Amino acid sequence: MTKNNYWLTITNEANWEIIKKNELYAFNKSHKNFLDEIKIGDYIVMYVIRKQFGGLFRVTNKGVSNDIKFKDGNYPYKIKLKTVLIPRDSLDVTDRIVDNISIFKNAIRWGTILFGRSIKKIKKEDYEYIKRQMEKIK
């Protein structure tokens, strides 16, 4: 049995609506290599630009081909998702939250860790922490 990976994926508000509705995430050519790393069964935390965690998902398929268009560009590499949890309100990313997520620890400006990326691997413990925080507001 293979071990699942956990990912923090990044999107904007306009594309977040498309992701929620279609349970689909997509990459551009510069992030194509992540399609090889992501496995069916992996878990995803969706970070919505400006400081919110929007929801949790599980990868159900890779290399999906369809006509769904995203608002701000061409994203030809797609993964199909299944919703795990989307709280009624997004989870605001506060300093208290950031201080409990390993990829942000000891960062002077935590937002720079995400700058220019659409996806970043995280630890299972980080995913579980974010999930517990989201469950409090669902």
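Me: Which residue in S4 stands opposite Val45?
Reply: This is a predicted model, in which local features need pLDDT of at least 70, side-chain atom pairs count only at pLDDT 80 or more, and totals for chains, interfaces and linings use all residues. Residues are numbered from 1 along each chain as its sequence is written, and side-chain values use heavy atoms, with hydrogens and water left out. Strand S3 covers residues 43-48 and strand S4 residues 52-62, strands being DSSP runs of E of at least two residues and helices runs of H or I of at least four, numbered from the N terminus. The two strands pair in the antiparallel sense over six bridges, where pairing requires that DSSP finds at least two bridges between them, and the residue opposite Val45 is Leu56.

Me: Which residue in the turn between S3 and S4 has a positive phi?
Reply: S3 and S4 form a hairpin, with three residues between them. A positive phi of about 60 degrees occurs in this turn at Lys51.

Me: Which residue in S6 stands opposite Gln52?
Reply: S4 is also joined to strand S6, residues 91-92, by two bridges, and these strands run antiparallel. The residue of S6 opposite Gln52 is Asp92.

Me: How far apart are the closest N and O atoms in the salt bridge of Glu17 with Lys20?
Reply: A salt bridge places a side-chain nitrogen of Lys or Arg within 4 Å of a carboxyl oxygen of Asp or Glu. Because Glu17 and Lys20 are three residues apart in helix H1 (residues 13-22), they are separated by about one helical turn. Glu17 is partly exposed at 46% relative accessible area (buried is under 20%, exposed over 50%, partly exposed in between, with a 1.4 Å probe and protein chains only), and Lys20 is partly exposed at 28%. The closest N and O atoms of the pair are separated by 3.3 Å.

Me: Which residue meets Arg88 in a salt bridge?
Reply: A search of the whole structure finds two salt bridges. The N to O distance is 3.7 Å, and the partner is Asp89.

Me: What separates the C-alpha atoms of Glu125 and Asn100?
Reply: Glu125 lies in helix H4, residues 124-137, and is exposed, with a relative accessible area of 54%. Glu125 and Asn100 are 25 residues apart along the chain, and their C-alpha atoms are separated by 9.6 Å.
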